[in-house]
Amino acid sequence: MGTGGSTVAYPFGYDKERRRRWALLMLVSGYIAIISFLAALEDLRAQERTHEEAIVRQQLKTSEIDLLPYASRGWNQSDPCVHVRSAAAQVGGRMMMAEAKGRRLISATEFAMMHEQDSIPRLPNGVPMILHQTWWSRKLKEKNLVLSSSWLRCMPDFLHVLWDDDEALQLFKDYRPDLVPMMEGYPYGVQRSDVFRYLVLWVYGGLYTDMDYECIQDITDSEGIGSMQHSVFISAAPNPSVDGLAQNTLMASTRGDPFWNHVLETSHMNCGRMYEPELMIRTLVLLGACDTAFRLRPFFGWTGISVLYTTGPKMLSDAINTYSDPETISLLDVRHYNGQMDRGAKDSSEAAEDLNYPCATHAIHRNAAGWTKGGPFPYTDQRLFGKRIPHRLIAILLTEVLLVCLIIGCRVWWASANLGSLMQKDAKVH
């Protein structure tokens with residue numbers, strides 16, 4: 001090694017190795033930049049869709065939805081489920097459905113007026129004869145109308161209410177204003193839909209089902225939601241490893257049952273169960289900064305785990321396990337009230353596998369898995385080892401790794417500089 005203006009002699013191959021590292025760094029940085037741009041573009045489009053949906057929601061507030069034309073078609077005679085084919089063989093009932101309370105999908109506003117008049121009948125066990133369903137607006141797809149109309153065929157005397165997103169939020173403002181920040185802070189619509197169903201059953205009672213549930217026969221008998229031994233009824237989970245004890249897709253109860261307040265409080269405290277792979281989110285959760293963590297989630301892309309544990313079946317199962325009076329809760333048998341295996345975010349091949357699972361005798365969860373769709377730029381159609389690639393998540397993780405490496409590198413450099421300075425001082429002293 002020379003002195004003064006002499007150059008440092010590096011080992012052979014050092015420059016080549018350094019170029020490789022720079023090339024890798026540029027490749028990773030370019031990937032992150034491209035994904036960040038596409039993610040920002042997708043987020044902008046999502047905001048535009050949200051604005052457009054709000055306009056549509058207002059335009060359709062008072063629209064009439066008559067279920068009779070869809071209910072009159074009957075059940076699918078070629079359905080793979082034998083119980084559906086058996087129901088399809090039954091003839092008649094149109095005249096009864098034409099005069100039924102459940103013929104129209106009424107709005108929450110119309111329902112509130114009827115509820116004030118206390119004109120809603122109840123089952124012998126006290127469960128109000130109301131069917132609640134929720135959608136982002138009154139703009140429904142035909143498949144939703146077909147499935148929704150199946151309840152008119154099964155239980156025509158149940159009042160049928162369709163709540164849109166604005167009405168769901170207003171319910172919180174009216175009855176649980178303390179939980180409005182939580183409701184508005186959730187990054188995904190499915191989380192708001194989850195907590196809404198718990199609140200609507202607490203406020204009004206009745207039956208709640210997802211839009212992709214099909215009724216095969218009346219479920220108000222003693223083995224279903226008509227049992228005199230229970231006040232809360234929840235469909236058991238067909239896949240306990242994914243959902244835990246229960247699913248929140250079909251539930252019923254008497255009005256004001258304290259269990260639902262317990263569920264809402266459990267959900268409110270479940271920020272710490274938002275298990276995420278991203279370092280930043282995990283840090284915020286550990287610090288208890290739930291609101292910030294929730295608001296950052298859309299930027300990081302779709303992760304179903306956070307939904308299951310914060311508002312969905314895992315959280316509901318946790319609430320059941322911690323409830324002080326579990327004897328009041330009935331978990332409805334999967335063989336009768338669910339039937340389809342919950343496969344989460346379905347690929348086309350996975351959707352076909354559902355036909356291999358036993359169907360239910362009373363109500364079938366057709367499981368459209370709509371809650372896993374429409375998330376902010378989570379996946380693309382490219383696959384790795386048969387799985388879709390979550391590019392945004394990969395980009396975030398790479399960014400966090402680079403930041404950690406940068407922090408460690410700066411720390412090592414600072415320590416080395418201090419050590420060198422101390423050695424120079426020590427050399428001068430000696």
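This is a short tour of one predicted model, stop by stop. Local features need pLDDT of at least 70 and side-chain atom pairs count only at pLDDT 80 or more, while totals for chains, interfaces and linings use all residues. Residues are numbered from 1 along each chain as its sequence is written, and side-chain values use heavy atoms, with hydrogens and water left out.

**Stop 1: a loop.** Select Thr62. This residue sits in the loop between helix H1 (14-59) and helix H2 (68-71). Helices (H or I, at least four residues) and strands (E, at least two) are DSSP runs, numbered from the N terminus. Thr62 counts as exposed because its relative accessibility is 72%; exposed means over 50% relative accessible area, with a 1.4 Å probe and protein chains only.

Stop 2: Show the open sheet of 6 strands, in the order S2-S1-S3-S6-S5-S7, with mixed pairing. Two strands pair if DSSP finds at least two bridges between them. Strands S2 (159-163) and S7 (329-332) stand at the edges; each has a single partner strand, so one side of each lacks a neighbour in the sheet. From one strand to the next, the twist averages 25 degrees.

**Stop 3: S1 and S2.** Select S1 (residues 130-134). S1 runs parallel to S2, joined by 5 bridges. Find Gln133: Leu162 in S2 stands opposite.

**Stop 4: the helices.** Helix H5 (residues 108-116) lies across S1 and S2, at about 135 degrees to S2. Angles run from 0 to 180 degrees between N-to-C directions; axes are lines fitted to C-alpha atoms, for helices over the stretch in contact. Contact means heavy atoms within 4.5 Å. Finish on helix H9 (residues 189-203), which packs on the sheet and touches S1, S2, S3 (206-209) and S6 (246-253). The direction of H9 makes about 20 degrees with that of S6.

How values were computed: Buried means under 20% relative accessible area, exposed over 50%, partly exposed in between (1.4 Å probe, protein chains only).
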